[in-house]
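The tour goes from one selection to the next.

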2 protein chains.
Amino acid sequence: MKTVNLKELAEQLNLSVSTVSKALNDSYEINFETKRRVLELASALHYQPNPYASSLRKQKSKTIAVIIPEIANNFFTLAINGIESIAQKHGYHVLIYLTHEDYNKEVEITQLLQNGRVDGILMSLSSNSTDYAHLQELNKKMIPLVFFDRVSDDFATARVTTDDYESGYKATEHLIEQGCKRIAHLTISKNLSIGKKRMQGYIDALNKYQIPLRDDLIVRCTDDASVNYVLIKQLLQRKDRPDGIFASVEKLAINCYQVCAELDLNIPKEVKLISFSNLETAAFLCPSLTTITQPAFDIGKEAAYILFEAIKSKKIQNHSAVFKSALIKRKSTGC
Amino acid sequence: MKTVNLKELAEQLNLSVSTVSKALNDSYEINFETKRRVLELASALHYQPNPYASSLRKQKSKTIAVIIPEIANNFFTLAINGIESIAQKHGYHVLIYLTHEDYNKEVEITQLLQNGRVDGILMSLSSNSTDYAHLQELNKKMIPLVFFDRVSDDFATARVTTDDYESGYKATEHLIEQGCKRIAHLTISKNLSIGKKRMQGYIDALNKYQIPLRDDLIVRCTDDASVNYVLIKQLLQRKDRPDGIFASVEKLAINCYQVCAELDLNIPKEVKLISFSNLETAAFLCPSLTTITQPAFDIGKEAAYILFEAIKSKKIQNHSAVFKSALIKRKSTGC
DNA sequence: CTGTTAGCGCGTTCAC
DNA sequence: GTGAACGCGCTAACAG
């Protein structure tokens, strides 16, 4: 079937293309009766305007991009949910891109978005991003950018995060209150502010309770899961193995479970574990894991909201929002 | 910063717009030296072609849409991963749309895609879709459509699924082998083939082992979680409560966990549970849940692959692929 | 090999 | 109130 366009409608109605266009856009110039006729035929023929012609003309794509490191992760999944709901409300379309924690891919993707494909970008940085020239480029092109969750302090733009420092502090404090003496911290990329802030919370909590900070209990994990696995195994095989672990991300907590299973270590009796996690279902199924849970859905919504504000006002805003995360204790668990 | 376009490049190089265009597209007509000059300036100025102008001209969007009922679901999450990887390989962009199991939204979304926004669509039906006029419309417009996972037998198009019948049979058989006598089945929408086929497997397995099929053990769940919760609670509060449950989707299994926790029923001692599930991490954390796991990533990849074949060949193919799912038993569990 | 011309489908002047 | 004409940025057909 031939796709129906303005010309087609105009011919059938004995009107000019521009009149039809105006009628469809509800212009005040057009006679009510004409509008009615146009709208009638349009809906009868299932007319849909060609989005790209319109984008080209209006220099507006009605599309945003979401760039995230991975999707098999409950936080991002919930955030997308929030983002999509706001986008749909604004009549916007959502493009999704995965970097797989690869900085080069992140650069590539942002390059694809340089020329009008999107009106704005929501982004969570990949863990090995250190240089931000690709983002400067977006800035120059006046494409609004909002960071969420994984932000960098080295690049100024609007951002939506959780209270990472406070959460890290509380998580550590919780382990201390459970009687842990040797608390390890599994951290990800030191470039990301979530890594830095959560760790600072850990450090300050230890200080507060006068527990010596031991560098050998801080495990700097990588973006390679198998490497992390080995690091965690080494940690748990030491004779003075930690009695508490604070994992900065869910994935590392899962790794702990795997290692503990292999080493026949009981969680939470022999090792207490606490982690950032949004895996609601897993947390439910697994009563021994106390989690720090972020309001991922709301974070997505807020980030989208800020982005649309920026798009509307045509100003790159430096708005920033911080959400509280919650420490969720599971019933019938020592931890 | 002004966005740089072909005209800009042409002026700076003292060439015509079309020559520049050809050079950038590596046309054989263009002199090597000219190409070099063009490419040099283009990269110096970070030239990126306007995708919508090109789409308009070529009538190709280099974009596909993925329409799914929800995203907070490990199956879809993994499938998107697979889809995105193939799309990226083909230089395609991925639009994502969530129907939230709402048929009307499904219709709305497909309408938005009628006029060239995408070159093809990947779709998992919402559970209450019964009418397919909106899909016929896509068909007429020659937009390739590939179903994955949630397909309908009432609409003919390419599809990628798992061996739902066989999986349902095996799941039920597994419970029988564990000694279950009263096996309940929690099913979703009867419109979807996954619902029908998994249930048929259940029925046939019972027959095979000469266990009477009891209609009161088949719980037809809805798309309203709170209703399902009540239904499951009623099921488990009966004096002749089931000793085994086969949940057709993960979400319903989670509901079972919640209800059992509330009723102080032990899983798997008092009630054995088996479910379709792709929640790898949960399955790991929860050794008492045996799962039927689908190769979601590969299903996504295959669906995308078929779609790109259709786009390339400009033929709407009726290719269909069936993947095996795996029954994954957890260690140290009676079920 | 390079340039000229003519749209892709739409929205916005500016005449009438 | 309506229509003719132009251009968004790019590509393709056709000249030269």
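How do the residues of the surface near DNA strand D divide into nonpolar, polar and charged? They divide into eight nonpolar, 11 polar and four charged. Here Ala, Val, Leu, Ile, Met, Phe, Trp, Tyr, Cys and Pro count as nonpolar, Asp, Glu, Lys and Arg as charged, and the others, Gly among them, as polar.

Before going further, note that this is a predicted model, in which local features need pLDDT of at least 70 and side-chain atom pairs count only at pLDDT 80 or more, while totals for chains, interfaces and linings use all residues. Residues are numbered from 1 along each chain as its sequence is written, and chains are lettered from A and ligands numbered from 1 in the order in which they are written.

**Stop 1: DNA strand D**

Select DNA strand D and the 23 residues that surround it. A residue is near a strand if its C-beta atom, placed from the backbone, lies within 6 Å of it. The closest are A:Ser16, B:Asn5, B:Leu6, B:Ser18 and B:Ala53. H2 and H4 of chain A and H2 and H4 of chain B each supply at least two residues of this surface. H4(B) gives the most, with five residues. Helices (H or I, at least four residues) and strands (E, at least two) are DSSP runs, numbered from the N terminus.

**Stop 2: DNA strand C**

Now select DNA strand C, which 25 residues surround. A:Asn5, A:Leu6, A:Ser18, A:Ala53 and B:Glu29 are the closest. To see the elements involved, colour helix H2 (17-24) and helix H4 (51-58) in chain A, then helix H2 (17-24) and helix H4 (51-58) in chain B; each supplies at least two residues of the surface near DNA strand C. By class, this surface has nine nonpolar, 11 polar and five charged residues.

**Stop 3: where the chains touch**

Show chains A and B together. The contact takes 40 residues from chain A and 40 residues from chain B; two residues are in contact if their C-beta atoms, placed from the backbone, lie within 7 Å. On the side of chain B that touches chain A, the elements giving two or more residues include helix H5 (74-89), strand E2 (93-98) and helix H11 (250-263) of chain B. That side has 21 nonpolar, 14 polar and five charged residues.

**Stop 4: chain A as a whole**

Hide the rest and keep chain A, with its 13 helices and 12 strands. Its C-alpha atoms fill a box of roughly 90 × 40 × 35 Å, taken along the principal axes. Of its 335 residues, 49% are buried, that is, 20 or more other C-beta atoms lie within 10 Å of their own, with C-beta atoms placed from the backbone.

**Stop 5: strand E3**

Select strand E3 (residues 120-123) of chain A. A:Gly120 and A:Leu122 on one side and A:Ile121 and A:Met123 on the other are all buried. Strand E1 (residues 63-68) of chain A runs parallel to E3(A), joined by four bridges, and A:Ile64 stands opposite A:Gly120. Strands pair if DSSP finds at least two bridges between them. E3(A) also pairs in the parallel sense with strand E4 (residues 145-148) of chain A, over three bridges; A:Ile121 stands opposite A:Leu145 there.

**Stop 6: the six-stranded sheet**

Last, find the open sheet of chain A with the order E7-E6-E8-E9-E10-E12 and mixed pairing. Strand E7 (218-220) and strand E12 (326-328) of chain A are the edge strands, each pairing on one side only. Within the sheet, strand E6 (residues 183-187) and strand E8 (residues 244-247) of chain A pair in the parallel sense over four bridges. A:Ala184 has A:Ile245 as its bridge partner in E8(A).

Definitions and conventions. Buried ≥ 20, exposed ≤ 12 C-beta atoms within 10 Å, placed from the backbone.
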